[in-house]
Amino acid sequence: MDEFFTAPVVEKQAAVIPDALWDMTILGAGPGGLTAGIYAGRSGLNVIILEKLSPGGQIAVSEQIDNYPGFPDGISGTELVERMEKQAVRFGTRIVMEEVMRISKEGKLFVVTTTGNKKYRTKTIIISTGADPVKLPVPEEEKFRGKGISYCATCDAAFFRGKDVAIVGGGDTAITDALHLTRFANKVTIVHRRRELRAVKALQEEVFANPKIMFQWDSIPSHVIGDEMVEGLEIENVKTREKKVLKVNGIFAAIGTVPNSKIVRGIVELDERGFIKTNHNRETSVPGIFAVGDVRDTPLRQVITAAGDGAIAEFSAENYIKLMER
Amino acid sequence: MEKLLKEQDVQYIKELFDRDLVDPVELVLFLESEGSDKVTAANSQYLQHTEEIAKEVSEISDKIKLTVYKDDKEKEKEYGVKEISALFIQGKNSDRNVVFYGIPSGHEFSSLLEDIVNVSQGTTRLSPASKEAARNIKVPVEILVFITPTCPHCPGAVKTAHQLAMENKLIKAAMIEANEFPELSKKYNVYSVPKVVINEKVQFEGALPEDMFLNKVLSAVGESQE
C-alpha cells in the first residue's frame, strides 16, 4: 500500500497582511518559484508566492526523480516539492492558493490582481508559472479527454488495470510514464515519431528490458477510435504512410509542453512558441519582472534547472530593488 | 499498528490546530466488518488505516472528537452513508453533508486538515460572491468528487466541493477514493481524476477554479431552481 500522510506547510505560515507592500511576488509554486522563495526569505525580503492549484507544478506528478542531486535513491516529485515548501516557509515566505488574473504597472510598482479581486502591490515579480502538457494532436482529443486520454499517468494509471494502453512520446516523461503504467496495465505500447528514444540512457535500458512494453517506431497518432470511451488509437507510419489501429483503452500523451505565459502576453517579450525571453540574469524585457523554469526560453526543462533559475532570478531581483531604492 | 503520522508532521499539525481551531469538530467514521456487501477486495485493506489516521488526527487536539460506528445500519441510514468507509466532518457549518468515502491519504490528507479547520471556524475560504451564490441554491445538490491519492490537482476539487457544502446544508459533497470503489468509478466512467459528478447529470474532469466549479453546480440545478 502506498499511502502517505504528511502535513502540508501551506496552512501554518504567518498571516498575509492586506495592503502590504511586497518586495517580491512569485507566480507559481513549482521548483523554480519555491527556490526563489527560499532565497528571498533568507534575504529577509517580504515575499509571497501565489499558486492557482497546488504547490509543485508539473513535477508533483512525477513518480520518481533520479536526477536531482543529493537523493541517491531517488525521490518522488511530491516529496521533493513538499520539502521545498517547508524550506521556503521556514524562512518566512508566504504561499497562498490564488489564481492570478492580471498584472499591471503603478508608477515604479506592479500590482498583481488575483481571483476575488485581491491586489498585491509589489516591487518585483518572478514568473514561474511553468508549462502544461501539449494536447494529443488528433481531431477527437476533446471528445475523449478524461474518457481514455490522459496527461497524468501518476493520477490515472490505476484505471487501466489489466488493460492495454498506448503512450505517445519518446522523452524522459513518456518513458517514466510507460514504466509506471506497467504496474497496472496488461500491455504498454510506446508510439514515437522517430526510430530512437530521446530519453536518457538509464531509462532506455529499463524500458527495453521490460517485457510488458512494445514499440511503434516512426509513428504518429492520427485518430482516436471509440464510441463513448477510447477503444483504439489509429497511428500513421511517417515513412511508409501506412496506417494501423492499436486496440487500447487508454492513451497517455507526453509530447512536450506549452508555456503558461498567457498572463504576461503583451507585457513581456515572448518567443515564437510563447516562452518568455530572458537574459542570463533571468530578466524579462520589463525591468522588475523575472522568469524562471519551464515558462522561459530555456534549453533544458528539469527540476534542477528551474531551481537554478530561481536562485539567479532572486539575486537579480534583489539587486533591482537596491538600485530602485537608491 | 505502527503510527501513520511522523512525529514531525504531528508537530506541524498541532501548531496548525492550536492556532486555527475554534469550536469543537466531530469526526464520524462508519466502518463495517468483513462479509458485509460494502466491504470488498478493493476497500477492505484500507479500513484499518482509515480508522488509524482518523484516530491519530483526533488525538492531536482536544477540540476534535472521533466517533466510530461499526456495522450500525441505523446510524448509517441517519447519515445517508453510501459506501464504507465514510468519514463525516461535523461541526458548526456542516451536518452530515461533508464526507470522505475511502481513505483521505496522499494529497487528500491536506483536504481533511483544511476541512477540520473550516468547520471548526464555521467559515470557508470561498470568495464572497461564491458564498452568496452557494447560499442561494434552494434545491438539493449532490456533488461526487472522484480522486486518487497520487493526484496533485485533486484536493482543489475536493476542497471546493466541501466548502460549497459548508455554505449550504442542501449541498452534499463527497470525496470518493476511486481505487477503493471500482464499481462506482465504472458506473460514472471515471478514467481521469479529478472527476466531478453533480446531481448525476453534470460531469466534468479536471480541477476547475472556484467560480467555474460553481457555474457547473448552478447549471446542474438551473432548471429545478426556476
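Predicted model: local features only at pLDDT ≥ 70, side-chain atom pairs only at ≥ 80, totals over all residues.
Residues are numbered from 1 along each chain as written, and chains are lettered from A in the order written. Local features need pLDDT of at least 70, side-chain atom pairs count only at pLDDT 80 or more, and totals for chains, interfaces and linings use all residues.

**Exercise 1. Find how long α7(A) should be, and check it.**

Start with the rule: the expected span is 1.5 Å times one less than the number of residues. Helices are DSSP runs of H or I with at least four residues, numbered from the N terminus. Helix α7 (residues 303–324) of chain A has 22 residues, so it should span 32 Å. Its end C-alpha atoms are 31 Å apart, which agrees.

**Exercise 2. Which residues of α7(A) are buried, and where do they lie?**

A residue is buried if 20 or more other C-beta atoms (placed from the backbone) lie within 10 Å of its own, and exposed if 12 or fewer do. The buried ones are V303(A), A306(A), A307(A), D309(A), G310(A), A313(A), E314(A) and A317(A). Looking down the helix axis, the buried residues of α7(A) fall within an arc of 150° (taken from the directions from the axis to the C-beta atoms), so they line one face. On the other side, N319(A), K322(A) and L323(A) are exposed.

**Exercise 3. Describe how α5(A) and α6(A) pack.**

Helix α5 (residues 172–181) and helix α6 (residues 201–208) of chain A then pack at about 35°, with axes 10 Å apart.

How values were computed. Axes fitted to C-alpha atoms, helices over the stretch in contact; angles between N-to-C directions. Helix = DSSP H or I, 4+ residues; strand = E, 2+ residues; numbered from the N terminus.
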